[in-house]
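Here is a walk through one protein chain, taken feature by feature. Keep the structure in view as you read.

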Amino acid sequence: MFPILSILTFLPLAGGCLVLFLIPKNNEELIRKTTFAISIIELVLSIFLVYKFDPDLAEMQFVEKLPWIPSAGIEYLLGVDGISVLIIFLTAILTSVSILSSWTSVKDRVKEYYPLLLFMETSVIGSLVALDFVLFYIFWELMLIPMFFLIGVWGGENKLYAAVKFFLFTLFGSVLMLIGILAVYFKYPELSGEGLTFNILKLKTVSYPINFQLWVFMAFFVGWAIKIPMFPFHTWLPDAHVQAPTAGSIILAGVLLKMGAYGFLRFSLPLFPFASQALAPLAAVLSVIAIIYGAFLAISQKDMKKLVAYSSISHMGFVVLGIFAFSQHGLEGAILQLFNHGVTTGALFLCVGLIYDRAHTKQIEDFGGLSKKIPVYTFFFTLFLLASMGVPCLSGFAGEFLILTGSVKNNVILYNGLYRVFAVISVAGIPLGAAYVLWMYQRVMLGHKVNPKHANMLDLNLRESICLASLALFVIWIGVYPDPFLRIFHTAAEQIVLEVGRAGGI
């Protein structure tokens, strides 16, 4: 069998090593072209994966299995379902866009910068395809290293503070997650009568005691909540986004935040169905707070990048709300919104980065009337802002609509009425989202007065237009016809609802 998952995982790593060790550091153009070519090959492979993936099958596909450390129950085990396939595709798109968008903006330590983007791609895709907990944990931890250096070396004035804060928060969550992994690992033989294993597919076949589920669920919960990030674990996010280079912000918002939600879907719900239901109100309350609180914080921001960062907290609150509704619509809406948010917010961070490259400021008050000077940029910026607001016929609407309907028709038996209240309150996040988006747009793009410093600002060039157009394609496609995307993960979402239902009493 063609080992496409191994190739998808390790091709960026091999490409990064090629650039790092074989291309002279003074040949920057070759470094950029080689890195971009590798990312495009990776994107083509991810499209091939989507094409060959059978959305009607519930089991894992393209499985690759080799013994690794048999005495400890550790295997080299890879496989994908519709959820991981979609996020792999998103990762490949955003990595290519990140590399292309950095072409002229990153001029310092180019030889180290571009391989780090490829190493990041390997760690993310490795986490998405791993079906052994040890393998997953290794890739999960490896994600920290490239992002730490991207922020700490190529970031803004307070880059070291932001990089260390990002590292410590996520490391703390990872340690708690490791405790949870070990607890499950040692509990499995007692319940199954079999030997020790880190095989995730086997670990979710047994029913863990209720008290055990509650404690271990919380250990995993903190790890995923920091990554998303949920309130009150969100404080590292604005600093990391503001200080990160543009490509770092795109990857951070577009891909890394998704890994927390992926953790809930892949591990917490199938392994701990009772605890998932019992603690669903906690997750829902934190989600609603994130939606409203994140929107209010976004409204008060003076920095464009920080505004987009806080809006991510609000949007990811919708995702968690959809996940913990345990309904087909809620889960499908949450997964679709993961993809939508990756595209839209990644594009908005790119827009902010492009304007920063020209004006060397991200402060909203420094702009005004730019729509007259840079019409192509204005078109894309407007499109992505409208998508972020959830305007119908653009991508954000489909995901949020499914989440809200799925929350009202939730399967959380014990708290059915309460959950509907959460859904109703969450609707307030939509007009609040419109408020901060339009408020920023009015001050940056509209008005008759143009800051004299920006009177000669140049519009997008061809490379920048291609970057934004490639993301705009998905914003319109999903907004008008989301069904091809929903079909990819429909069966996987259905499987999660069944697994939680069978063991959790839905």
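**Charges over rings**

The charged end of K227 sits over the ring of W140, 4.8 Å from the ring centre. A charge counts as over a ring if NZ of Lys or CZ of Arg is within 6 Å of the ring centre and within 35 degrees of the ring normal. K362 lies over the face of Y356, 5.0 Å from the ring centre.

A word on the source. This is a predicted model, in which local features need pLDDT of at least 70 and side-chain atom pairs count only at pLDDT 80 or more, while totals for chains, interfaces and linings use all residues. Residues are numbered from 1 along each chain as its sequence is written, and side-chain values use heavy atoms, with hydrogens and water left out.

Rings of Phe, Tyr and Trp (its six-membered ring) pair if their centres lie within 6.5 Å; planes under 30 degrees apart are stacked, over 60 edge-to-face, and the rest tilted. By this rule there are 38 aromatic pairs. Take F89 and F474: their ring centres are 5.7 Å apart and their planes stand at 75 degrees, so the pair is edge-to-face. This pair links distant parts of the chain, with F89 in helix α3 (residues 82–101) and F474 in helix α20 (residues 462–480), 385 residues apart. Helices (H or I, at least four residues) and strands (E, at least two) are DSSP runs, numbered from the N terminus.

Buried means under 20% relative accessible area, exposed over 50%, and partly exposed in between (1.4 Å probe, protein chains only).

Now the loops. Between α9 (210–227) and α10 (236–243) lies P229. A cis peptide bond joins I228 to P229, with omega about -10 degrees. P232 is found in the loop between α9 and α10. Its cis bond is to F231, with omega about 5 degrees.

H360 is not a glycine, yet has a positive phi of about 60 degrees. It is found in the loop between α15 (328–359) and α16 (375–389). H360 is exposed, with 60% relative accessible area.

Last, the strands. β1 (residues 61–69) and β2 (residues 74–80) pair in the antiparallel sense over six bridges. Strands pair if DSSP finds at least two bridges between them. L66 stands opposite Y76 in β2. Four residues separate β1 and β2 in this hairpin, and G73 in the turn has a positive phi of about 75 degrees.
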